[in-house]
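Let's look at how the pieces of this protein pack together. Have the model open while you read.

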Amino acid sequence: MALIAPRVTAGLPGDEALKLKQALNGSHDITVFVDGTVHRLPAQARDAVVDLLSRFSRGEAVTVSSVEEMLTTSQAAELAGISHTYLRNMTDRGEIPVEYRGTHRRIRLAAITEWLEAQKKTKPAHDGGEQP
């Protein structure tokens, strides 16, 4: 996957991670101050910040990066955690929308994100066997 300008940050020391974990326990309301001004984050940004903080609270190292909006099938497959062939077959069946740049397929990041969210919702229905 094409990651742009990644930044790796080491995990928090144990006592700091524990304090953060306790602060996050049961809360998804995060207030952000930028230059002394309070900003309410949209749901996607809030979820990303909570995820980041949760990882830090477990003492995990974290890499933050940007992902290109239009992905190759290889990049999209890597992001989705599926094989390139399986993804191509899904685009052929119309399960994931695809755009062509000449003969090359490009998939919007949002399409992969939506597919992943749908998989999370249907996952309990699967027995953990084959890929959906």
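How are α1 and α2 oriented to each other: parallel, perpendicular or oblique? This is a predicted model, where local features need pLDDT of at least 70, side-chain atom pairs count only at pLDDT 80 or more, and totals for chains, interfaces and linings use all residues. Residues are numbered from 1 along each chain as its sequence is written, and side-chain values use heavy atoms, with hydrogens and water left out.

Now the answer. The axes of helix α1 (residues 14-24) and helix α2 (residues 43-57) come within 8 Å and cross at roughly 135°. Angles under 35 degrees count as roughly parallel, over 145 as roughly antiparallel, 65 to 115 as roughly perpendicular and the rest as oblique, so α1 and α2 are oblique to each other.

## Who touches whom

Contact means heavy atoms within 4.5 Å. On the α1 side you'll find Ala17, Leu18, Leu20, Lys21 and Leu24, and these meet Leu53, Ser54, Phe56 and Ser57 of α2. Sorted by type, the residues of this contact are 6 nonpolar, 2 polar and 1 charged.

## The cores

A nonpolar core is a set of buried Ala, Val, Leu, Ile, Met, Phe, Trp, Tyr and Cys residues joined through side-chain atoms within 4.5 Å, with buried meaning under 20% relative accessible area (1.4 Å probe, protein chains only). The largest one has 14 residues, and Ile82, Leu87, Met90, Ile96, Ile107 and Ile112 touch the most other members. Helix α5 (109-122) gives the largest share, 4 residues.

A second, separate core has 6 residues, including Leu20, Leu24, Phe56 and Val62.

Conventions
Axes are lines fitted to C-alpha atoms, for helices over the stretch in contact, and angles run from 0 to 180 degrees between N-to-C directions. Helices (H or I, at least four residues) and strands (E, at least two) are DSSP runs, numbered from the N terminus. Ala, Val, Leu, Ile, Met, Phe, Trp, Tyr, Cys and Pro count as nonpolar, Asp, Glu, Lys and Arg as charged, and the others, Gly among them, as polar. Buried means under 20% relative accessible area, exposed over 50%, partly exposed in between (1.4 Å probe, protein chains only).
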